[in-house]
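Subject: Structure handover

Hi,

Here is the structure for your files. Please load it before reading my notes.

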Amino acid sequence: MIYNVAQLLKAPTGTVQRVTLDDEDNLELQDNEAELMGPVEGEVKLHRTNQGIFADGYVEVPVEMECIRCLEPFVATLRFPLREQFYPTIDVNTGVPVAPPADDLAFPLDRNHLLDLREAIRQNLVLAMPVKPLCKDDCAGLCPTCGRNLNDGPCDCPPEPVDDRFSALRELLEQQGQ
Ligand SMILES: [Zn+2]
Ligand SMILES: [Zn+2]
């Protein structure tokens with residue numbers, strides 16, 4: 001996920017270099033961010049812009065998550081777009097240091113004109129993680145009484161009593177509707 005863009009920086013604005021993500025470079029994720037379950041894949045176009053390089057593409061990463069209903073770990077492949085600006089720190093033609101741009105969301109290229117996508121991918125991956133992961137849309141969850149995983153079949157617990165507050169509210173709403 002590290003690419004030498006020296007030639008691209010020398011090319012005219014609008015020039016595009018395609019890169020395929022298919023290696024197993026580590027993303028250096030924190031423990032609490034995500035658990036990678038396979039290689040990072042994707043396609044990214046590197047566009048030469050006036051200021052530097054614009055990376056535009058998509059990334060696919062298999063990650064392990066824990067279902068919020070049944071609490072079982074499961075693996076899902078997250079697919080998310082990648083759209084990030086990179087700016088040179090050294091002028092590729094003169095070797096003179098370049099002042100960083102005002103856009104503090106952009107990523108620096110290193111002194112050897114290497115573009116490292118890992119931090120950009122890491123940040124976008126964290127944003128792409130679902131807030132409430134579900135192992136499947138219709139996950140049945142756990143029985144609140146015995147704790148059985150109801151995806152494995154029903155338990156023997158009696159049905160949950162209906163909450164009286166809600167039935168009282170429903171009656172009230174029905175009365176008002178008349
Ligand atoms: Zn589940
Ligand atoms: Zn039960």
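Below are the notes on the fold and the strand pairing.

This is a predicted model: local features need pLDDT of at least 70, side-chain atom pairs count only at pLDDT 80 or more, and totals for chains, interfaces and linings use all residues. Residues are numbered from 1 along each chain as its sequence is written, and chains are lettered from A and ligands numbered from 1 in the order in which they are written.

Overall shape. Along the principal axes, the C-alpha box is roughly 80 × 40 × 25 Å. Buried residues make up 16% of the 178 (20 or more other C-beta atoms within 10 Å of the residue's own, with C-beta atoms placed from the backbone).

Secondary structure. There are three helices and eight strands (DSSP runs: H or I, at least four residues; E, at least two; numbered from the N terminus). The order is β-α-β-β-β-β-β-β-β-α-α.

Strand pairing (at least two DSSP bridges). S5 (residues 53–66) and S6 (residues 73–87) are antiparallel, with 14 bridges. Glu 60 faces Arg 79 in S6. Six residues separate the strands of this hairpin, and Leu 71 has a positive phi near 65°. S6 also runs parallel to S7 (residues 107–108), through two bridges. There, Tyr 87 stands opposite Pro 108.

Best regards

Key: A residue is buried if 20 or more other C-beta atoms lie within 10 Å of its own, exposed if 12 or fewer, and partly exposed in between; C-beta atoms are placed from the backbone.
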